[in-house]
Amino acid sequence: MAVKKYQTHHGMHDLLPDEIATWQKLESIIHDVADRHHFKEIRTPILEPTELIARGIGQLTDIVSKEMFSFERGEDQYVLRPEGTAPVARAYVQHSLHQRGGSQKLFYIGPFFRAERPQKGRQRQFHQFGAELIGSPDPMADIEIISFMMDIYNEIGLTDTSLKLNSVGNPESRKQYKEALQDYFRPHLNEMSEISQNRFETNPMRILDSKEKEDQPIIENAPKIADYLTPESQAHFDKVQRYLDQLGIPYELDSRLVRGLDYYTETAFELISDQIGSQDALGGGGRYDLLIEEVGGPSTPAVGFACGIERLLLAAEAANLQLGTSAPLDVYIVTRGEKAREWALNNLSTFRSKRLRTTMNFDGKSMKAQMKDADRNAARYCVIVGDDELETDRFTLRDMSSSEEQPYTFEDLIHTVANSK
RNA sequence: GAGCCUGUAGCUCAGCUGGUUAGAGCGCCAGGUUGUGGCCCUGGAGGCCGUGGGUUCAACUCCCAUCAGGCUCCCCA
């Protein structure tokens with residue numbers, strides 16, 4: 001009887017052992033850079049209250065309006081988190097982290113979920129790492145966030161990227177700018193794409209993001225947010241640029257950079273790669289001075305970033321960067337006969353307690369098959385055990401790269417292998 | 001959510017305008033070497049040709065639907 005074969009849901013992938021070394025290496029780099037910057041890891045639940053996400057990210061955003069995996073259980077509404085900032089903001093408020101004094105430097109890494117149509121660099125379950133610096137309005141905080149992000153890419157050796165920078169201002173300047181944009185677009189509306197027409201009322205700034213051909217010449221001459229920034233916003237933005245210059249972090253100003261989530265204020269940035277297809281944002285972030293208050297906390301300025309791990313790995317692959325390799329096996333115990341197998345089983349722990357990666361064959365196969373298995377696993381040594389060895393108490397050690405074999409007492413053998421690392 | 005392209009062994013792919021038992025390389029298993037890997041030789045296993053319908057005397061080859069992947073749009077990490 002044929003049993004149904006199950007497979008992962010659309011846009012969700014298994015990570016097989018072959019890829020794990022790369023992921024673990026990347027994760028260790030992220031932890032290492034975070035440690036040097038003294039960002040502390042925070043782990044929040046995968047499921048969050050739907051309302052938190054809706055309020056935090058914005059009811060009208062695509063993420064909330066059509067891309068959430070959500071369900072009800074009893075009275076409660078759950079959502080698989082689509083991003084990391086709102087949950088961290090929630091945790092900050094829930095545990096009154098502001099009472100600890102100073103600003104909080106937090107980072108996270110983990111899976112996120114959005115019900116979009118999958119394509120290259122876009123999955124329904126994907127992984128992000130990100131950081132939040134909560135409690136400081138100072139442009140230096142923006143720099144700390146950006147430099148943390150850039151340091152990770154530099155550490156990996158991924159330097160063929162470009163950092164786009166803009167300011168979306170504070171609520172007052174944005175309100176004025178929106179009006180100016182609407183005044184500008186209004187007479188051109190009927191020449192513009194349907195998408196842009198729809199956004200005219202709800203979110204005219206998003207029109208600037210449009211890739212529709214017919215919109216381009218009109219967007220070209222649209223008013224720029226830079227002309228509408230309040231003196232405070234302008235001063236903040238100027239400082240961010242000055243500090244980046246001083247640190248030698250290259251960036252490009254992009255007056256059309258508008259980020260998709262409602263909570264952004266002031267500084268907005270995105271890290272772009274032209275090597276990974278049309279989903280070209282490796283990461284992005286900015287300031288969100290209103291979010292903490294929006295989710296029930298005290299008015300608290302904050303800035304953060306988030307980056308996609310799968311996209312980073314695509315870029316690394318395109319750049320021919322080899323991130324991690326799986327560790328070779330130190331010892332493979334090859335046996336002949338049932339007594340020898342028992343000996344192997346009983347002595348595996350001796351090797352392992354010396355921190356030697358050790359295994360044996362668990363299928364009861366021929367010596368030839370065992371040797372082949374050892375070779376496949378890139379074993380450095382084989383320990384060969386049969387009746388002869390058990391009788392004489394001398395065990396054969398085969399160096400797999402030179403094919404040399406020598407008999408050793410068990411003690412000497414352990415010693416020799418342990419010292420060869 | 002929209003448009004277009006693709007889907008043949010574990011992997012990468014071949015299979016002419018529909019026509020008898022569907023192929024290759026790599027990988028896997030075994031033997032050549034009854035105590036030994038990598039090279040070589042020999043043999044073998046493994047595919048109801050993504051799935052479900054339809055057209056036809058006949059479909060891996062044509063049509064429809066569906067699922068999955070890719071590209072673009074949308075959006076974003």
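Select Lys-120 and RNA strand B. A backbone N or O atom of Lys-120 sits 2.6 Å from a phosphate oxygen of the RNA strand. Keep in mind throughout that this is a predicted model.

**Stop 1: along RNA strand B**

Now select Ser-278. One of its polar side-chain atoms lies 2.8 Å from a phosphate oxygen of RNA strand B. Go on to Gly-308. Here a polar backbone atom is 3.1 Å from a sugar or linking oxygen of RNA strand B.

Next, colour the elements that give two or more residues to the surface near RNA strand B. Select these in turn:

- strand 6 (125–134)
- helix 7 (194–202)
- strand 10 (281–287)
- strand 11 (302–308)
- helix 13 (367–376)
- helix 14 (387–392)

Which of them gives the most? Helix 13 does, with seven residues.

Colour the surface near RNA strand B by residue class. The residues there divide into 24 charged, 16 polar and eleven nonpolar. Then look at the RNA side. Of the RNA atoms within 4 Å of the protein, 56% belong to sugar or phosphate, and the rest belong to bases.

**Stop 2: Ser-403**

Ser-403 is in the loop between strand 15 (395–399) and strand 16 (405–408). Check its backbone: phi is positive, about 65°, although Ser-403 is not a glycine. Is Ser-403 buried, exposed or partly exposed? With a relative accessible area of 41%, Ser-403 is partly exposed.

**Stop 3: aromatic pairs**

Show the rings of Phe, Tyr and Trp. The count comes to 13 aromatic pairs. Zoom in on Phe-112 and Phe-126. Their ring centres are 6.3 Å apart and their planes meet at 35°, so the pair is tilted. The pair links distant parts of the chain: Phe-112 belongs to strand 5 (residues 104–113) and Phe-126 to strand 6, 14 residues apart. Both Phe-112 and Phe-126 are buried.

Move to Phe-129 and Tyr-153. This aromatic pair is tilted too, at 6.4 Å centre to centre and 40° between the planes. Again, distant parts of the chain are linked: Phe-129 is in strand 6 and Tyr-153 in helix 5 (residues 139–156), 24 residues apart. Phe-129 is buried, with a relative accessible area of 1%. Tyr-153 is buried as well, at 0%.

Arg-81 lies over the face of Phe-112, at 4.2 Å from the ring centre.

**Stop 4: helix 2**

Select residues 50–57, which make up helix 2. The helix is mostly covered, with six of its eight residues buried. Which are they? Pick out Thr-50, Leu-52, Ile-53, Ala-54, Gly-56 and Ile-57.

Step off the end of the helix. Just after helix 2, Gly-58 takes a positive phi of about 115°.

**Stop 5: Arg-355 and Thr-358**

Select Arg-355, in the loop between helix 12 (338–353) and strand 13. Arg-355 is not a glycine, yet its phi is positive, about 65°. Buried or exposed? At 71% relative accessibility, Arg-355 counts as exposed.

Follow the chain to Thr-358, in strand 13 (residues 358–360). Thr-358 is buried, with a relative accessible area of 7%. Its side chain reaches the backbone oxygen of Leu-356 at 3.0 Å.

Finish with the surroundings of Thr-358. What is Thr-358 in contact with, leaving aside its neighbours within four places in sequence? Select Leu-329, Val-331, Ile-333, Leu-348, Phe-351 and Arg-352.

Methods: Residues numbered from 1 in each chain as written. Chains lettered and ligands numbered in written order. Predicted model: local features only at pLDDT ≥ 70, side-chain atom pairs only at ≥ 80, totals over all residues. Heavy atoms only, no water. Helix = DSSP H or I, 4+ residues; strand = E, 2+ residues; numbered from the N terminus. Buried < 20%, exposed > 50% of the residue type's maximum accessible area, 1.4 Å probe, protein only. Polar contact = N/O pair within 3.5 Å; in protein donor to acceptor, adjacent residues only side chain to side chain. Contact = heavy atoms within 4.5 Å. Near = heavy atom within 4 Å. Nonpolar A, V, L, I, M, F, W, Y, C, P; charged D, E, K, R; others polar. Phe/Tyr/Trp six-rings, centres within 6.5 Å; stacked < 30°, edge-to-face > 60°. Lys NZ or Arg CZ within 6 Å of the ring centre and 35° of its normal.
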